[in-house]
Amino acid sequence: RMNRVVAMPGESVQMPAKGKLLINGQPIEIPKALNNQFLRYGNLLDGKPVPCGDGYYVLGDDLKDSDDSRFNGP
């Protein structure tokens, strides 16, 4: 499975609703192939920003079942 970096050190990630991803409060364009797979789990569940600190935030291509930053942090 492939993970993609969605946020860099110093940025924050937020998912206020299913299919909506914000980086530093700004919406990013989600590829249509992945749009219906972005789910609010783990540290994105409450919709609040998650700071990356010194790390990178990654989301897996199989977003419904990925062991990624939502569960392991940046």
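Q: Which residue stands opposite Ser 12 in strand 5?
A: Strands of a sheet pair through backbone hydrogen bonds, either parallel or antiparallel. Here Ser 12 stands opposite Pro 51. This is a predicted model: local features need pLDDT of at least 70, side-chain atom pairs count only at pLDDT 80 or more, and totals for chains, interfaces and linings use all residues. Residues are numbered from 1 along each chain as its sequence is written, and side-chain values use heavy atoms, without hydrogens and water.

Q: How many bridges join strand 2 to strand 5?
A: Strands (E, at least two residues) and helices (H or I, at least four) are DSSP runs, numbered from the N terminus. Two strands pair if DSSP finds at least two bridges between them. Strand 2 (residues 12-17) and strand 5 have two, and run antiparallel.

Q: What is the strand order in the sheet?
A: The order is 4-3-2-5, in an open sheet with antiparallel pairing. Strand 4 (26-27) and strand 5 (50-51) are the edges; each has a single partner, so one side of each lacks a neighbour in the sheet.

Q: Which residues make up the largest nonpolar core?
A: In soluble globular proteins, nonpolar side chains tend to be buried together. A nonpolar core is a set of buried Ala, Val, Leu, Ile, Met, Phe, Trp, Tyr and Cys residues joined through side-chain atoms within 4.5 Å. This one has eleven residues, including Ala 7, Val 13, Ile 23 and Tyr 57. Strand 2, strand 3 (20-23) and strand 6 (57-60) each give two or more.

Q: Is Ser 69 buried or exposed?
A: Buried means under 20% relative accessible area, exposed over 50%, partly exposed in between (1.4 Å probe, protein chains only). Ser 69, in helix 1 (residues 69-72), is buried at 2%.
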